[in-house]
Amino acid sequence: MNVLYDDIQFLPGVGPKRADLLKTELQIFTINDLINFLPFRYIDRSKFYSISELASAQTAVQIKGRFLTKQINGVGAKAYLKATFTDGTGRIELTWFKGMKWVNSMIKPGVDYVVFGKVSDFHGILNMTHPEIEEFSKFCNHPQQDFIGVYPTTEKTRKANLNGKVMRSMMESAFNKIGLNGIVETLPKYILDECQLPNLESTLRTLHMPSNLNQVSKAQFRIKFEELFWLQLSLAIRKQNSKENIKGFQFFRNNDNLLPLFYKEHLPFPLTKAQIRVMSEIRKDLESGKHMNRLIQGDVGSGKTLVAVLAMLMAVDNGFQTCLMAPTEILAQQHAKSIQELLAGIPVNIALLTGSTSKKARQEIAEGLQNGTIHMIVGTHALLEDNVQFRNIGLCVIDEQHRFGVAQRAKLWGKNTTQPHVLVMTATPIPRTLAMTLYGDLDVSVIDELPPGRKPIRTAMLRDSQRQKMYDLMREQIAQGRQIYIVYPLIQESERVDFKNLEEGYQNIIKAFPEPQYKTIIVHGKMKPAEKDEAMKKFASGEAQIMVATTVIEVGVNVPNATVMVIESAERFGLSQLHQLRGRVGRGADLSFCILMAGNKLSQDGQTRLQTMVETTDGFQLAEIDMKLRGPGDIEGTQQSGLPISFKLANLAKDGQIINLARSIAFRIIEKDPHLLNQENYILQKGLKERYNQQISWRDIS
Ligand code: ADP
Ligand code: MG
């Protein structure tokens with residue numbers, strides 16, 4: 001019987017109470033769970049720092065010296081102990097708010113102490129609060145651990161003092177019990193050799209009981225590699241599966257007649273090089289007879305819609321119906337309108353279906369879809385409803401696909417007996433490393449070029465006190481016939497206050513622009529669809545010059561005459577959202593502006609974000625920075641993906657090279673041995689089953 005799966009309670013040094021804490025707080029039930037619970041960093045106690053070099057210390061440090069003074073200040077609950085400590089190179093203040101009587105009694109003059117804690121620098125005076133102290137002679141009398149692991153904690157484990165030292169003694173006890181060769185390797189030997197990875201046993205021993213940092217980083221590399229490798233392997237298999245098992249409709253070039261007609265007589269401008277390249281990638285897929293599962297990534301304004309329309313025309317040419325699904329009503333309407341304009345004079349019947357489509361119209365659409373007289377349908381989630389049935393749908397396009405859940409998207413694929421081709425689009429550029437993970441099983445096309453003639457948008461950050469400057473710019477632009485967006489944040493948690501701000505903002509604008517020829521409209525999510533629609537129409541037609549709105553306009557709205565985007569309380573938006581909003585302007589030939597209005601109280605983080613916006617217009621670059629600032633878990637779309645993207649050690653923002661390595665090896669393995677049937681890969685097949693059977697549902701994600 002393998003001791004690895006023994007209950008943690010019976011490990012020497014654990015006992016029922018601690019076992020209970022480990023189980024409920026940290027999900028550690030067995031010895032195996034325990035040794036796989038990893039420190040995420042280490043405290044370095046291998047050296048003593050001198051006080052003169054402490055100002056720049058980032059983590060807790062260890063110093064050696066003597067106390068100069070000590071004094072209890074304040075009385076009662078406000079009492080605290082303050083001491084000065086020196087090592088000859090400088091001084092530091094040590095403060096205790098708790099346990100001060102005991103600490104006070106410990107401190108003797110003229111005796112050497114070891115002090116360990118985190119340094120803060122308060123107006124040039126160095127300080128440690130609640131450091132650990134120990135007499136140097138005692139310190140020398142017990143064995144030293146140079147590197148102490150810092151493990152994930154919870155409030156309860158901190159209270160119970162389940163610190164790195166305690167964890168380490170449990171780990172030692174666990175490895176004693178397991179003995180040598182008790183830990184079974186999880187990766188094939190040829191991968192360990194190729195990537196020069198330490199084996200699992202020595203990796204785990206090193207991570208819990210390190211003796212030098214070089215060893216630690218090799219062990220961490222192995223764990224990160226492995227975490228990313230399993231995920232990439234599962235993606236490789238998924239991709240392979242869908243290639244093998246899902247037959248796709250085959251489109252034929254000699255069926256084309258609408259497409260050439262459109263190209264020759266209706267295309268309003270030449271395609272960009274990037275559009276042409278992506279179009280040919282799509283064309284290859286559609287003609288291959290295999291199922292297409294492709295993502296188009298392209299910055300706001302890069303012209304994804306046009307590419308989608310061309311692909312949709314190919315479907316119609318080949319006798320299939322096609323749909324375009326968008327996340328909001330406004331966006332769906334706008335898509336329908338612009339597609340109708342683009343395809344005017346071409347015999348394609350286009351319908352629009354949203355939540356506000358009338359019952360009667362719905363009925364007609366349902367009939368048209370079933371008898372095939374409707375060729376293209378544009379819509380919102382309404383398209384997913386069961387009563388939307390097609391005669392023969394061959395291609396589904398999803399705009400801003402990260403706004404839809406996995407299950408929602410999957411519903412669309414079920415609308416024909418053979419899965420329709422899938423084209424998903426996103427204007428939220430995501431970092432490459434994240435794309436390789438989230439969309440690891442899709443083929444990805446990138447439109448990395450904006451249509452010619454676009455001028456970069458000038459971005460500035462203004463404080464509330466500089467509001468007049470914003471009005472001046474607005475006035476100047478309106479006088480030139482341009483239009484303006486003003487966007488307010490509106491989130492559920494602070495909905496009331498936000499709403500009040502929006503209303504007030506609207507009133508202020510009306511006051512600031514009292515001239516009868518200037519019209520301001522307000523648009524927000526609480527308005528009835530018809531009202532919203534009417535307001536939007538006024539803006540789109542140029543009848544209104546200023547739109548005050550919440551983020552309902554974030555996605556896709558296209559008014560080329562708008563040249564100013566003012567974002568109120570801009571510090572409350574994430575980088576990718578700010579980028580999306582800024583993308584609403586700069587769509588015409590005129591120079592455009594984005595004004596980020598920041599409250600007078602601005603956090604460091606907010607400052608960094610807004611400054612980044614001022615300096616950078618490249619969406620992909622912004623996405624990289626966003627991921628570094630917020631971590632991959634908060635990037636839009638990662639939650640809905642259902643993929644495990646938070647790891648014990650690997651970090652999608654930082655470990656790009658390891659991802660590349662893991663991905664290339666995983667995809668190579670699956671290419672050579674698609675079902676992992678080779679003897680040497682048996683271990684992989686087993687490992688995958690253990691890891692992902694419960695976590696990832698093997699339904700196609702897109
Ligand atoms: P997005 O990629 O953000 O969805 P759109 O498809 O809405 O971008 O296109 C943005 C604008 O660029 C639209 O007004 C569209 O008509 C225009 N556009 C698209 N492709 C071209 C092109 N090749 N040349 C000039 N303008 C283009
Ligand atoms: Mg778009």
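Start by selecting K526 and F499: the charged end of K526 sits over the ring of F499, 4.2 Å from its centre. Keep in mind as you look around that this is a predicted model.

A second pair of this kind is worth a click. Select R45 and F116, and you will find the charged end of R45 over the F116 ring, 4.1 Å from the ring centre.

**Zoom out**

Now show the whole chain as a cartoon. The C-alpha trace spans about 95 × 75 × 40 Å along its principal axes. If you colour by accessibility, 53% of the 702 residues count as buried.

**Ring against ring**

Next, display the aromatic side chains. How many aromatic pairs are there? The count comes to 14. Pick out F67 and F85 to begin with: their ring centres are 5.0 Å apart and the planes meet at 75°, which is over 60 degrees, so this pair is edge-to-face. The pair joins distant parts of the chain, with F67 in strand β2 (residues 61–73) and F85 in strand β3 (residues 80–86), 18 residues apart. Are these two residues buried or exposed? Both F67 and F85 are buried.

Move on to F251 and F320. Here the ring centres lie 5.3 Å apart with the planes at 25°, so the pair is stacked. This pair, too, links distant parts of the chain, 69 residues apart: F251 belongs to the loop between α9 (213–245) and α10 (258–266), and F320 to the loop between α12 (304–317) and β11 (321–325). Like the previous two, F251 and F320 are both buried.

For one more view of the rings, select F48, F136 and F139 together; ring pairs link them into a cluster.

**Around ligand 1**

Centre the view on ligand 1 and show its surroundings. The shell holds 17 residues, and the closest are Q275, G301, K304, T305 and R454. By type, the shell divides into six nonpolar, seven polar and four charged residues. Which element gives the most to this shell? That is α12, with three residues.

- From an oxygen atom of ligand 1 to a polar backbone atom of G301: 2.6 Å.
- From another look at K304, a polar side-chain atom to an oxygen atom of ligand 1: 2.7 Å.
- From a nitrogen atom of ligand 1 to a polar backbone atom of P270: 2.9 Å.

Ligand 1 taken alone exposes 570 Å², and the protein buries 82% of that.

Go to S569, in the loop between β21 (562–567) and α20 (575–582). S569 has a positive phi of about 45°, although it is not a glycine. Its relative accessible area is 23%, so S569 counts as partly exposed.

L676 also has a positive phi, near 50°, and is likewise a residue other than glycine. Look for L676 in the loop between α24 (656–672) and α25 (682–692). Is L676 buried or exposed? At 2% relative accessibility, L676 counts as buried.

Finish at G76, in the loop between β2 and β3. With a relative accessible area of 64%, G76 is exposed.

Technical notes: Residues numbered from 1 in each chain as written. Chains lettered and ligands numbered in written order. Predicted model: local features only at pLDDT ≥ 70, side-chain atom pairs only at ≥ 80, totals over all residues. Heavy atoms only, no water. Phe/Tyr/Trp six-rings, centres within 6.5 Å; stacked < 30°, edge-to-face > 60°. Helix = DSSP H or I, 4+ residues; strand = E, 2+ residues; numbered from the N terminus. Buried < 20%, exposed > 50% of the residue type's maximum accessible area, 1.4 Å probe, protein only. Lys NZ or Arg CZ within 6 Å of the ring centre and 35° of its normal. Near = heavy atom within 4 Å. Polar contact = N/O pair within 3.5 Å; in protein donor to acceptor, adjacent residues only side chain to side chain. Areas by Shrake-Rupley, 256 points an atom, 1.4 Å probe, with all protein chains shown as cover. Nonpolar A, V, L, I, M, F, W, Y, C, P; charged D, E, K, R; others polar.
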